[in-house]
Amino acid sequence: MIGVDIVYLARFKRLLEGKNGERLFRRIFTDDELRQCEGKIGNARMRSMAGRFAVKEAVIKASKGELGLADLKSIEIRQCDCGAIDVYGARDDVTCRHYE
C-alpha cells in the first residue's frame, strides 16, 4: 500500500507560530524528533517538522486503517547526518521527498 501526503508550508508555519503551536507539536512529535529540529533556524525548522508530519500522515494512510491520527506520536522519524530518514513504528518502507 502507498500513502501520500502534502503539507502546505504556509499553513504549517502558521500552526507552528500560533499560540498553541508548541503544545500541538508536543502531541504529534516525539522528544527526539523535536530535538532534531531544535538546532535548525528559520524556515529550516518549519520545513523539517512539516516533512516529518507529511511522512507520519502518509504512513497512517498506507496502514489501511490500522493506524489513526491518535498514532502520530507513535510513528517516529529519525534523520541521519546524510539526510536519509528512517521511520519507526511503521511496517512499510517509506520514502520522503519535499519540494518548494
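## Serine 48 and its surroundings

Setting aside residues within four places in sequence, S48 is in contact with C37, K40 and Q79. This residue is found in helix α4. Is S48 buried or exposed? Its relative accessibility is 12%, and buried means under 20% relative accessible area, so S48 counts as buried. The model described here is predicted.

## Overall organisation

The secondary structure of the protein consists of four helices and two strands. Read from the N terminus, these elements follow the order α-α-α-α-β-β.

The protein has 100 residues, of which 34% count as buried. How many of the contacts between residues at least 6 apart in sequence join residues at least 24 apart? The share in this protein is 54%.

## Helices α1 and α2

Helix α1 comprises residues 9–17 and packs against α2 at an angle of about 105 degrees, the two axes being 6 Å apart. The angle makes α1 roughly perpendicular to α2. On the α1 side the contact involves F12, L15 and L16, which meet G21, E22, L24 and F25 of α2. Sorted by class, the residues of this contact are five nonpolar, one polar and one charged.

Within α2, the residues G21, F25 and I28 are buried. Why do they lie on the same side of α2? They do so because the arc that they cover around the axis is only 55 degrees. The buried residues of α2 are covered by elements that include α1, α3 and α4. On the face turned away from this buried side, α2 carries the exposed residues R23 and R27.

Helix α3 spans residues 31–38, and its buried residues are E33, L34 and C37. These residues lie on the same side of α3, because they cover an arc of only 95 degrees around the axis. Among the elements that cover them are α2 (21–28), α4 (43–62) and β1 (76–79).

How are α3 and α4 arranged relative to each other? Their axes come within 9 Å and cross at roughly 150 degrees. Angles over 145 degrees count as roughly antiparallel, and α3 and α4 are therefore roughly antiparallel to each other. Helix α3 contributes E33, L34, Q36 and C37 to the contact, while α4 contributes R45, S48, M49, R52 and K56. By class, the residues of this contact comprise three nonpolar, two polar and four charged.

## Threonine 30 and glutamate 76

T30 is found in the loop between α2 and α3. It is buried, with a relative accessible area of 12%. Which residues touch T30 when its neighbours within four places in sequence are left aside? They are K73 and E76. T30 and I75 are 45 residues apart along the chain, yet their C-alpha atoms are separated by 8.5 Å.

E76 belongs to strand β1. Its relative accessibility is 11%, so E76 counts as buried. Apart from neighbours within four places in sequence, E76 is in contact with T30, D32, E33, D86, V87 and Y88.

Most residues other than glycine have a negative phi. What is the phi of K64? It is positive, at about 60 degrees, although K64 is not a glycine. This lysine lies in the loop between α4 and β1. K64 is exposed, with a relative accessible area of 64%. By contrast, T30, in the loop between α2 and α3, is buried.

How values were computed: Residues are numbered from 1 along each chain as its sequence is written. This is a predicted model: local features need pLDDT of at least 70, side-chain atom pairs count only at pLDDT 80 or more; totals for chains, interfaces and linings use all residues. Side-chain values use heavy atoms; hydrogens and water are left out. Buried means under 20% relative accessible area, exposed over 50%, partly exposed in between (1.4 Å probe, protein chains only). The arc is that of the directions from the helix axis to the C-beta atoms. Contact means heavy atoms within 4.5 Å. Axes are lines fitted to C-alpha atoms, for helices over the stretch in contact, and angles run from 0 to 180 degrees between N-to-C directions. Angles under 35 degrees count as roughly parallel, over 145 as roughly antiparallel, 65 to 115 as roughly perpendicular and the rest as oblique. Ala, Val, Leu, Ile, Met, Phe, Trp, Tyr, Cys and Pro count as nonpolar, Asp, Glu, Lys and Arg as charged, and the others, Gly among them, as polar.
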